[in-house]
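Here is a protein chain to explore together. Take a look at the structure first, and then we'll walk through it piece by piece.

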Amino acid sequence: MKALLESLKPGDKDRGLALSLDPERLPRHIAIIMDGNGRWARKRNLPRIAGHKAGVAPVRMVVETCAQLGVEALTLYAFSAENWKRPRTEVDMLWRLLRFYLRRELADLHRNGIRLQASGRIDALPARVQDELNFVEEATAKNTGLRLNLAINYSGRAEIVDAVNAILQGARLAGTLASLRIDEESLAMNLYSPDLPDPDLLIRTSGEMRISNFLLWEIAYAELFVTETFWPDFDRAELLTAILDYQKRDRRFGGLSATAVPDEPKLELPDFDSEDESASEEIAISSQ
Ligand code: FPP
């Protein structure tokens, strides 16, 4: 947080927003569905690829801002397993952009103490992309700041399937298959990034109210923020606004809010075990 305030000059339009954030209640993990590159380009009569190119600047901005804020983890949906259905030229361009980003950003990642990792079926990516990812992952492995997790060739359903298969394979090797029981903890431990906390805040740009097979397991209790802005126009003010909005939410995780009255008046409940039919009538009335 301090690093962000130091980087913002007194007249900077985002300073007020940054100052209104509560540094004690920052999301630990932010996940983003970066959508709308194609529509951004179409609006300008440009090829879709121009939209993806313009999408690199907000990637740099969110990575740098999250690092400066002291957010623990940032997951960006860079390429879904379904994105292979796009024209070959677009897919190739996305790989080129990713390689370009990784090569150009390495120095900045180091400067900001960022550690890069990838989630998804990475072994199906073109060899040159895998090499670049491995190189940057290894080079930044000792950094202790923001964990930047790029979801690439990622599918939430495939991630759960892969986790189950990894558990089965482990049990086969250990000879414990017959007594195997999978629980939430063992499944979570076998997801692609088990060392990251679950996302607290999920941002989606370009207005679609969909999850699109992203982090299906991990976002169980994430707060959602959807903006109409196309990804290439997503700026720091909007990121800070999303975090401010998150800080106003009452996160109950299925329980009660901290402000719920602790000593509520005791309510007389009918005797559920009684044969008396008036008891069930009473329930019907009180639940209307
Ligand atoms: C969705 O917009 C965006 C993508 C499929 C790719 C995201 C890639 C970038 C932001 C570029 C660089 C990324 C990194 C990590 C360096 P869309 O094409 O589906 O937009 P549309 O819905 O308007 O067609």
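## Starting in the core

Let's begin with Ile 32. Leaving aside residues up to four places away in sequence, Ile 32 touches Val 62, Leu 76, Tyr 77 and Ile 203. Keep in mind that what you're looking at is a predicted model.

Ile 32 belongs to the largest nonpolar core, a set of 55 residues. Along with Ile 32, the residues with the most contacts inside this core are Cys 66, Leu 74, Leu 76, Tyr 77 and Leu 201.

## The chain as a whole

Now zoom out. The chain has 11 helices and six strands, and its C-alpha atoms fill a box of roughly 75 × 60 × 40 Å along the principal axes. Of its 288 residues, 33% are buried.

How many of the contacts between residues at least 6 apart in sequence join residues at least 24 apart? The figure is 76%.

## Helix H5

Helix H5 runs over residues 56-69. Its 14 residues should span 20 Å at 1.5 Å a residue, and that agrees with the model because the end C-alpha atoms are 20 Å apart. Just after H5 comes Gly 70, with a positive phi of about 90°.

Is H5 mostly covered or mostly open? It's mostly covered, with 10 of its 14 residues buried. Among them are Val 62, Val 63, Cys 66 and Leu 69. The elements covering the buried residues of H5 include helices H1 (2-7), H6 (88-111) and H10 (236-248), as well as strands E1, E2 (73-80) and E4 (147-154).

H10 passes the same kind of length check: its 13 residues should span 18 Å, and its end C-alpha atoms are 19 Å apart, which agrees. Its buried residues include Leu 239, Leu 240, Ala 242, Ile 243 and Tyr 246. Among the elements covering the buried residues of H10 are H2, H5, strand E5 (201-204) and strand E6 (223-226).

Leu 21 sits in the loop between helix H2 (15-19) and strand E1 (29-33). Not counting residues up to four places away in sequence, Leu 21 touches Leu 240, Ile 243, Leu 244 and Gln 247. Leu 21 and Thr 241 are 220 residues apart along the chain, yet their C-alpha atoms are separated by 9.1 Å. Why does Leu 21 count as partly exposed? Because 18 other C-beta atoms lie within 10 Å of its own, while a buried residue needs 20 or more and an exposed one has 12 or fewer.

Strand E3 covers residues 115-119, and five of its five residues are buried, so the strand is largely enclosed by the rest of the structure. Arg 115, Gln 117 and Ser 119 point one way from E3, whereas Leu 116 and Ala 118 point the other way.

E3 pairs with E4 in the parallel sense, over five bridges. Across that pairing, Leu 116 stands opposite Leu 148 in E4.

## Around the ligand

Which residues come nearest the ligand? Out of the 20 residues around the ligand, they are Asn 37, Gly 38, Arg 39, Gly 55 and Tyr 101. Helix H3 (37-43), H5, E2 and H6 each supply at least two residues of the shell, and H6 gives the most, with four. Sorted by class, the shell has 11 nonpolar, seven polar and two charged residues.

Technical notes:
Residues numbered from 1 in each chain as written. Predicted model: local features only at pLDDT ≥ 70, side-chain atom pairs only at ≥ 80, totals over all residues. Contact = placed C-beta atoms within 7 Å. Expected span 1.5 Å × (residues − 1). Near = placed C-beta within 6 Å. Nonpolar A, V, L, I, M, F, W, Y, C, P; charged D, E, K, R; others polar. Core = buried A, V, L, I, M, F, W, Y, C linked by C-beta atoms within 7 Å. Pairing = 2+ DSSP bridges.
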